[in-house]
Amino acid sequence: MQHYLGLMSGTSLDGLDIALIRQDGQKTTLLATHYVPMPDSLRAQLLGLCASGPDELARAAEAENSWVALAASGIDTLLSAQGLKPDAIRAIGSHGQTVRHEPVRGFTIQIGNPALLVELTGIPVVSDFRRRDLAAGGQGAPLVPAFHEALFDDGQQRRAVLNIGGFSNLSLITPGQPVHGFDCGPGNVLLDAWINRQQGERYDRNGAWAASGQVSEALLERLLSDHYFQTQGPKSTGRELFNLPWLESHLNALPPIAPADIQRTLLELTARSIIDALQGAQQGTADLLVCGGGAHNSTLMNRLQALLPECQVSSTAAFGIAPDWIEAMAFAWLAHCCLEGIPANRPSVTGARGLRVLGAIYPA
């Protein structure tokens with residue numbers, strides 16, 4: 001039995017999720033968790049790196065050092081609460097913070113200075129999980145389907161695991177077949193950006209503001225016409241495509257729409273793009289298991305169930321794991337796979353030329 005830490009900071013930029021797992025052979029058990037909110041100043045720095053700007057290299061270096069200091073502090077808090085010393089942990093699996101993801105152009109960039117993280121924690125770090133898959137011709141994302149399969153494949157029925165963070169991605173599990181998966185499109189990213197602009201809030205709690213509006217069919221039709229939604233996987237996406245300027249380009253072509261109606265339409269975009277993708281890729285899905293922050297948005301969850309009445313839509317909590325920690329657990333598991341020499345990408349998901357061991361190792 002070995003203990004690992006997983007460190008995940010997603011595209012929503014709300015904070016850092018830290019998960020402590022025990023890996024016993026092929027069995028993964030979540031032991032403890034800790035959440036570190038993202039300071040406003042660091043969030044602004046990281047958001048600023050998602051688009052071109054002056055002095056990017058120096059700004060990225062400063063931001064990643066601040067990110068690592070925040071992560072190291074959170075790890076120390078979690079270990080202290082559990083009465084564990086650093087030498088009790090075999091490795092930290094650190095995803096880092098994605099600031100660019102452009103696989104068509106041949107690169108994906110996650111910052112997170114793993115060398116500094118080793119120095120601050122005294123624990124080996126495995127990082128840089130995405131670029132090996134990209135080098136092998138894959139998308140570099142999503143990487144969690146293999147872990148979803150390990151957790152949730154019961155060998156009997158077709159399931160889908162849906163992660164709704166800043167973006168949404170599906171893992172499609174059919175017994176006896178390779179797991180499939182891809183990014184569906186925006187998850188919370190546009191919902192968060194729009195409510196932040198209109199009301200100064202980080203996110204729309206329970207989708208309450210969206211629920212107060214009405215869907216603009218004209219806007220929804222324009223949004224869903226984007227080429228991304230017409231393509232099949234392997235595919236992945238990010239802020240480079242789906243952002244406020246993208247939304248504004250569609251709004252400018254239409255008569256004025258009430259802000260609450262725009263929020264409601266963005267929620268419908270998230271729900272429709274997910275269900276359209278699922279129905280197009282895997283018929284006969286019995287369970288849709290939802291993780292990520294979107295699992296707490298009751299308005300969105302209700303829409304997913306309404307659009308897919310023949311399927312049981314539920315949070316992963318119904319299967320014993322709280323939805324907030326799946327991705328952090330996944331990167332702890334990916335660190336285990338790297339150290340054991342276990343290939344962890346899935347060519348059926350990313351389109352890579354073959355199985356690859358993912359990650360770069362920074363010894364303590």
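This is a predicted model: local features need pLDDT of at least 70, side-chain atom pairs count only at pLDDT 80 or more; totals for chains, interfaces and linings use all residues.

User: Let's start with the rings. Why are Y228 and F242 called an aromatic pair, and what makes it edge-to-face?

Analyst: Two rings pair if their centres lie within 6.5 Å. The centres of Y228 and F242 are 5.8 Å apart, so the two rings qualify under that cut-off. As for the geometry, planes over 60 degrees apart count as edge-to-face. The planes of Y228 and F242 make an angle of 85°, and therefore the pair gets the edge-to-face label. By this rule the count comes to seven aromatic pairs.

User: Where do Y228 and F242 lie in the chain?

Analyst: Both are in the loop between helix 8 (217-224) and helix 9 (244-251), 14 residues apart. Ring pairs also join Y228 and F242 with F229 and W246 in a cluster.

User: How do you know whether Y228 and F242 are buried or exposed?

Analyst: Buried means under 20% relative accessible area. Y228 has 10%, so it counts as buried. F242 has 0%, and therefore it is buried too.

User: What makes you say that the charged end of K235 sits over the ring of Y228?

Analyst: The distance part of the test asks for the charged atom to be within 6 Å of the ring centre. For K235 and the ring of Y228 the value is 4.3 Å. An angle of within 35 degrees of the ring normal is also required, and K235 is listed as sitting over that ring. In that loop between helix 8 and helix 9 you will also find P234. The peptide bond from G233 to P234 is cis, with omega near 0°.

User: What makes F107 partly exposed, while S314 is called buried?

Analyst: The buried label needs a value under 20%, and exposed needs over 50%. F107 has 23%, so it falls in between and counts as partly exposed. S314 has 13%, so it is buried. F107 is in strand 5 (residues 107-111), and S314 is in strand 11 (residues 312-315). Beyond four places in sequence, S314 touches L288, L289, V290, M301 and F319.

User: What makes L13 and D128 stand out in their backbone?

Analyst: Each has a positive phi without being a glycine: L13 is near 60°, and D128 is at about 55°. L13 lies in the loop between strand 1 (2-9) and strand 2 (15-24). With a relative accessible area of 2%, L13 falls under the 20% limit, so it is buried. D128 is in the loop between strand 6 (125-127) and helix 4. Its 27% is between the two limits, so D128 is partly exposed.

User: Last one: how do you know which helix gives the most to the lining of the second largest pocket?

Analyst: A residue counts as lining if it has an atom within 4 Å of a pocket point. Helix 6 supplies five such residues, the most. Helix 1 (40-48), helix 6 (189-199) and helix 9 each supply at least two. The pocket holds about 350 Å³ of space. It is lined by 18 residues, of which L47, V189, A193, R239 and N243 are the closest to its centre.

Technical notes: Residues are numbered from 1 along each chain as its sequence is written. Side-chain values use heavy atoms; hydrogens and water are left out. Rings of Phe, Tyr and Trp (its six-membered ring) pair if their centres lie within 6.5 Å; planes under 30 degrees apart count as stacked, over 60 as edge-to-face and the rest as tilted. Helices (H or I, at least four residues) and strands (E, at least two) are DSSP runs, numbered from the N terminus. Buried means under 20% relative accessible area, exposed over 50%, partly exposed in between (1.4 Å probe, protein chains only). On a 1 Å grid over the protein atoms alone, a cavity is a set of points where a 1.4 Å probe fits but cannot get out, and a pocket is an open set with protein on both sides within 12 Å along at least five of seven lines; lining residues have an atom within 4 Å of a point. Grid points are joined across faces, edges and corners, and a volume is the space filled by probe spheres set on the points. Contact means heavy atoms within 4.5 Å.
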